Amino acid sequence: MVLTFFVFMLMNIIKTGHVSALGSCPKCGNVEVPYPFSTDDTCGDSRYKIYCNNSNNGNGILEFKSAEGFYYKILSIDPSAQRLIISPPDLVQDSDTCQTSDFPLQGLRLDEHLPFNVSTRNTVILLNCSDNLLRSPLNCTSNSLCRVFQDKILEGKNNACKGGLCCHYLKDSHMTSYVIRVRPGGCTAYTSVVDIRPEDPVEKWSYGIELQWLPPN
């Protein structure tokens, strides 16, 4: 009987390419971990790996790890819509520097072999861009939404993110759905707004990067 069970499990792994999913994971601190997400090898589906950070005085924080190994805080998870929102990286800014904290890794890149992609509801705001971007299809005009962000969010701050060329674009289906890129010779910092409403005050925008996932097989 036991041998038959293990043979069945082995055949399932060979057929599906992954270990069968387990039950839901326990809470991360006070934060629910909905199925199919997995915070360790004993629960969830390993293809939907996220991380539980309990270093904040026991108050759990869920984190999503990019293909390059950068951890982004998870702001919300909507299992019914199969979407989650991660926090944009921090701006590292002073009078000489305008970068996001994931700039050394050239921004956000998802593992294309995993069931996640960047949704089309993200408006990406790029900062400290080179003139090369003027030849791109992105909106780098004086009417770009990035100007509102610069004027309001960075108001009164003496830093490299405040001045210089900026652009914005809506992440659509014609673009790669696995990358938000920053790099030397392009733009060095970014943020993102989910389901943007330009008529709302910039302080009320929903800052985040929305990812969507395919359901388990």
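Colleague: How many bridges join strand β4 (residues 83–86) to β13, and in which sense do the two run?

Modeller: This is a predicted model, in which local features need pLDDT of at least 70, side-chain atom pairs count only at pLDDT 80 or more, and totals for chains, interfaces and linings use all residues. Residues are numbered from 1 along each chain as its sequence is written, and side-chain values use heavy atoms, with hydrogens and water left out. Strands (E, at least two residues) and helices (H or I, at least four) are DSSP runs numbered from the N terminus, and two strands pair if DSSP finds at least two bridges between them. For β4 and β13 there are four bridges, and the sense is antiparallel.

Colleague: Which residue of β13 is the bridge partner of L84?

Modeller: L84 is in contact (heavy atoms within 4.5 Å) with several residues beyond its neighbours within four places in sequence, including I209, E210, L211 and W213. Of the residues in β13, the bridge partner of L84 is L211.

Colleague: Which residue stands opposite Q212 in β13?

Modeller: Strand β8 (residues 116–118) also pairs with β13, over three bridges in the antiparallel sense. Within this pairing, the residue opposite Q212 is N117.

Colleague: Why is strand β13 described as largely enclosed by the rest of the structure?

Modeller: Buried means under 20% relative accessible area, exposed over 50%, and partly exposed in between, with a 1.4 Å probe and protein chains only. Strand β13 (residues 209–213) is largely enclosed because, of its five residues, the number buried is four.

Colleague: Which residues have the most contacts inside the largest nonpolar core?

Modeller: A nonpolar core is a set of buried Ala, Val, Leu, Ile, Met, Phe, Trp, Tyr and Cys residues joined through side-chain atoms within 4.5 Å. The largest has 35 residues, and those with the most contacts inside it are F64, L84, I86, L108 and Y190. At least two residues of this core come from each of β2 (61–65), β3 (71–78), β4, β8, β9 (122–129), β10 (165–170), β12 (187–194) and β13.

Colleague: Is Y178 buried, partly exposed or exposed?

Modeller: Y178 is found in the loop between β10 and β11 (179–181). Leaving aside its neighbours within four places in sequence, Y178 is in contact with L108, R109, L110, E112, F116, N117 and V118. Its relative accessibility is 22%, so Y178 counts as partly exposed.

Colleague: What is the C-alpha to C-alpha distance between Y178 and L211?

Modeller: In sequence, Y178 and L211 are 33 residues apart. In space, their C-alpha to C-alpha distance is 9.4 Å.

Colleague: What is the phi of Q82?

Modeller: Q82 lies in the loop between β3 and β4 and is partly exposed, with a relative accessible area of 27%. Although Q82 is a residue other than glycine, its phi is positive, near 55°.
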